[in-house]
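Subject: Handover of a structure

Dear colleague,

Please find below the structure that I am handing over to you.

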Amino acid sequence: MENTKKKKIILISGMSGAGKSTAARVLEDMGYYIIENFPFQLLPAFVDMVETSSDPRYDYIGVCTSAEDFPAFLTGLKGRNMDIQVLFLDAGDSVILHRYKSTRRTHPLLLSNQCNTLDEAINVERQMFT
């Protein structure tokens, strides 16, 4: 018997430091198969595999993506025979600044040398979503 149930994919994105990893863990606890830092270049092959798979692990998927890759994921998932939803997380700049300073993590745009300060990285990332 073929599985005709539509697969559900939640695209998790938003500002770095706004809670994407926490949201992913909650979805994982709800039975979602979570993928973080997935290269969007592999998306066509992945979606083809998910659409044809009868493995129940792929009925509910959460994919975490950065601001830079978010548009490519939206384009790559558009028109597929799947239930696609977006979970966009945001927080105020002061909250994001506090989270980065208290965790001692480095913002991805600082790691990639696209920005020089945390304030600049937050502003640049926010502009990527507008």
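Among contacts in the protein (heavy atoms within 4.5 Å) between residues at least 6 apart in sequence, 75% join residues at least 24 apart.

Two remarks on conventions come before the details. This is a predicted model, in which local features need pLDDT of at least 70 and side-chain atom pairs count only at pLDDT 80 or more, while totals for chains, interfaces and linings use all residues. Residues are numbered from 1 along each chain as its sequence is written, and side-chain values use heavy atoms, with hydrogens and water left out.

Overall composition

The protein contains six helices and four strands; helices (H or I, at least four residues) and strands (E, at least two) are DSSP runs, numbered from the N terminus. Along the sequence these elements follow the pattern β-α-β-α-β-α-β-α-α-α. Taken along the principal axes, the box filled by the C-alpha atoms is roughly 55 × 25 × 20 Å.

Of the 130 residues, 36% count as buried. Here buried means under 20% relative accessible area, exposed over 50%, and partly exposed in between, with a 1.4 Å probe and protein chains only. The protein exposes about 7900 Å², of which carbon and sulfur atoms supply 51%; accessible areas come from the Shrake-Rupley method with a 1.4 Å probe, and for residues only the protein chains shown count as cover.

As for charge, there are 14 positive and 16 negative side chains, and the centres of the two sets lie 3 Å apart. Lys and Arg count as positive and Asp and Glu as negative, whereas His and the chain ends are not counted. The place of a charge is taken as NZ of Lys, CZ of Arg, CG of Asp or CD of Glu.

The four strands form an open sheet in the order 2-3-1-4, with parallel pairing; two strands pair if DSSP finds at least two bridges between them. Strand 2 (33-36) and strand 4 (82-89) are at the edges with a single partner strand each, so one side of each is left without a neighbour in the sheet. On average, neighbouring strands of this sheet are turned by 20° against each other, direction ignored.

Helix 1 (residues 20-29) packs on the sheet and touches strand 1 (7-14), strand 2, strand 3 and strand 4. The direction of helix 1 makes about 160° with that of strand 1; axes are lines fitted to C-alpha atoms, for helices over the stretch in contact, and angles run from 0 to 180 degrees between N-to-C directions.

Strand 1 is mostly covered, with seven of its eight residues buried. Eight bridges join strand 1 to strand 4 in the parallel sense, and Ser13 stands opposite Phe88 in strand 4. Strand 1 also runs parallel to strand 3, to which five bridges join it; Ile12 has Cys64 in strand 3 as its bridge partner. Strand 2 and strand 3 (residues 60-64) pair in parallel over four bridges, and Ile35 has Val63 in strand 3 as its bridge partner.

Individual residues

Two residues of helix 1 may be noted. Glu28 is found in helix 1 and counts as partly exposed at 47% relative accessibility. Glu28 and Ile9 are 19 residues apart in sequence, and their C-alpha atoms are 12 Å apart in space. Thr22 also lies in helix 1 and is partly exposed, with a relative accessible area of 43%. The C-alpha atoms of Thr22 and Thr130, 108 residues apart along the chain, are separated by 24 Å.

Tyr100 lies in helix 4 (residues 93-103) and is buried, with a relative accessible area of 8%. Not counting residues up to four places away in sequence, Tyr100 touches Ser16, Gly17, Arg105, Thr106, His107, Pro108 and Leu118. Tyr100 and Leu118 are 18 residues apart in sequence and 8.5 Å apart in space, C-alpha to C-alpha.

Finally, the backbone angles of two asparagines deserve a mention. Asn37 has a positive phi of about 60° although it is not a glycine; Asn37 lies in the loop between strand 2 and helix 2 (43-52) and is exposed, with a relative accessible area of 72%. Phi of Asn113 is likewise positive, near 60°, in a residue other than glycine. Asn113 is found in the loop between helix 5 (108-111) and helix 6 (118-128) and is exposed, with a relative accessible area of 67%.

With kind regards
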